Amino acid sequence: MLAWQIARFGIDSMEFVERAEPEPGPEEVLVQVHAVSFNYRDLLVVKGLYNPKMALPRIPCSDGAGQVLAVGSHVKNWKTGDRVAGIFMQNWVDGPPSPEKVKGALGGDIDGMLAERVVLKESGLVRIPAHLNFAEAATLPCAAVTAWNALAGARLMPGATILIQGTGGVSLFALQLAKLAGLRVLCVSSSDENLARARELGLDASLNYRGTPDWDKWVLDQTGGEGVDLIVEVGGAGTLPKSLRSVRMGGQIAQIGVLSGPSDQLPLPLVLHKQVQIKGIYVGSRRDFEQMNRAIELARLRPVLAARPWADAPASLRQMEEASHLGKLVVTMQG
Ligand SMILES: NC(=O)c1ccc[n+]([C@@H]2O[C@H](COP(=O)([O-])OP(=O)(O)OC[C@H]3O[C@@H](n4cnc5c(N)ncnc54)[C@H](OP(=O)(O)O)[C@@H]3O)[C@@H](O)[C@H]2O)c1
């Protein structure tokens, strides 16, 4: 079967190769992959910035969707033809995280989804929402589950205000899921064009941070001087100081990403004075994914994506590097 693999780090070093046909063990499932989506993490993995000591060759990408092709002799929950997606951490089925559960991440600890066929644990799959095609379903395992957990952990009531940063995968899912929950959403982005499209999805107010780097003042203006209830923090060190100034007293920060450059001086006293709750998010469990899928199915939510053939996988990663995209970048194996 064909697969993309990292034999040496770097987008230009990715290899499109023939690999041995994977065979499912007794408790495993063979999946024909129809579509794969990219996360910023995949870019870091391919460039050797995520884990420079990663054993190579490695098939990248955590997120894919497809159909069950065969099942092992002890598999009870899946049959040929089922429409499925892999879960990000193959060992995190339910409950709180543990060192054991967070091992086994696809496209990191173990081979990922950028292949014609993959073998996954019986417990490492979810059924995909019925109204979604494979390209749409392939966007869900990492970015959507992460956004879901950022919101679920904050337990906000309708009418609360959140801030999202940028218009990439996690942020757009946070927008779409927040609108389902009746929340007001503010967004800072580098792209007027992407912001215009985000407004069509329900975005309430926006600012281009290229023209106005002091976006924390804008957030305070938008919230009557109080600050927002929750920040879906994908920027990391470079944005956290402004996030701390933008969050309301007693508000929450879901700390997710590492997109930005080095930090200004971190205003640590603000964490104490405002009694900010900062919660780290690392994707989530299979149960989180299943709960999210119920909401997505009920609302008939459709992910925002741009798809191209899988021969173009390196081009998708380069586009992610340029950060010009909206929502998710996807490759499809057929059609
Ligand atoms: N902890 C977890 O479990 C988890 C899960 C998923 C992702 N992540 C992390 O979350 C981050 C986002 O991932 P993703 O896959 O959604 O990325 P993505 O699709 O590549 O989106 C990145 C977007 O963020 C915006 N951006 C870049 N630098 C920014 C800055 N300094 N301030 C504000 N916005 C900025 C840009 O949007 P505009 O052009 O609109 O400005 C860019 O297109 C990454 O760091 C990723 O590693 C973590």
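From which domains does the shell around the ligand draw at least three residues each? In this predicted model, the shell takes at least three residues from domain 1 and at least three from domain 2. Domain 1 comprises residues 2-139 + 303-332, and domain 2 comprises residues 144-280.

The ligand is surrounded by 30 residues. The closest of these are Gly 166, Gly 168, Ser 189, Gly 257 and Ser 260. Classified by residue type, the shell consists of 13 nonpolar, 16 polar and one charged residues. Three helices, H1 (40-47), H3 (140-154) and H4 (169-180), each contribute at least two residues to this shell. Among the contributors, H3 gives the most, with three residues.

The C-alpha centres of the two domains are separated by 28 Å. Across the boundary, nine residues of domain 1 are in contact with nine residues of domain 2. On the domain 1 side of this contact, the residues divide into four nonpolar, four polar and one charged.

Helix H1, which supplies at least two residues of the ligand shell, also packs against helix H10 (residues 313-322), with the two axes coming within 10 Å of each other. The axes cross at roughly 110°. Because angles of 65 to 115 degrees count as roughly perpendicular, H1 and H10 are therefore assigned to that class. On the H1 side, the contact is made by Tyr 40, Asp 42, Leu 43 and Val 46, which meet Leu 317, Met 320 and Glu 321 of H10. The residues of this contact comprise five nonpolar, no polar and two charged.

Helix H3, the element that gives the most residues to the ligand shell, contains Trp 148. This residue has 24 C-beta neighbours inside 10 Å and therefore counts as buried, the threshold for a buried residue being 20 or more. Leaving aside residues up to four places away in sequence, Trp 148 touches Leu 177, Gly 284, Asp 288 and Met 292. The C-alpha atom of Trp 148 is separated by 24 Å from that of Val 33, a residue 115 positions away along the chain.

Several backbone features were found in loops. Leu 56 and Pro 57 are joined by a cis peptide bond, with omega at about 0°. Pro 57 is located in the loop between H1 and strand E4 (63-71). Two arginine residues have positive phi values: phi is near 50° for Arg 155 and near 50° for Arg 300. Arg 155 is a residue other than glycine, as is Arg 300. Arg 155 occupies the loop between H3 and strand E8 (161-165), whereas Arg 300 lies in the loop between helix H9 (286-299) and strand E14 (305-309).

Arg 155 has 9 C-beta neighbours inside 10 Å and so counts as exposed. Arg 300 has 10 C-beta neighbours inside 10 Å and is therefore exposed by this criterion. Trp 148, by contrast, counts as buried.

Conventions
Residues numbered from 1 in each chain as written. Predicted model: local features only at pLDDT ≥ 70, side-chain atom pairs only at ≥ 80, totals over all residues. Near = placed C-beta within 6 Å. Helix = DSSP H or I, 4+ residues; strand = E, 2+ residues; numbered from the N terminus. Nonpolar A, V, L, I, M, F, W, Y, C, P; charged D, E, K, R; others polar. Domains from an automatic or database assignment. Axes fitted to C-alpha atoms, helices over the stretch in contact; angles between N-to-C directions. Parallel < 35°, antiparallel > 145°, perpendicular 65-115°, else oblique. Contact = placed C-beta atoms within 7 Å. Buried ≥ 20, exposed ≤ 12 C-beta atoms within 10 Å, placed from the backbone.
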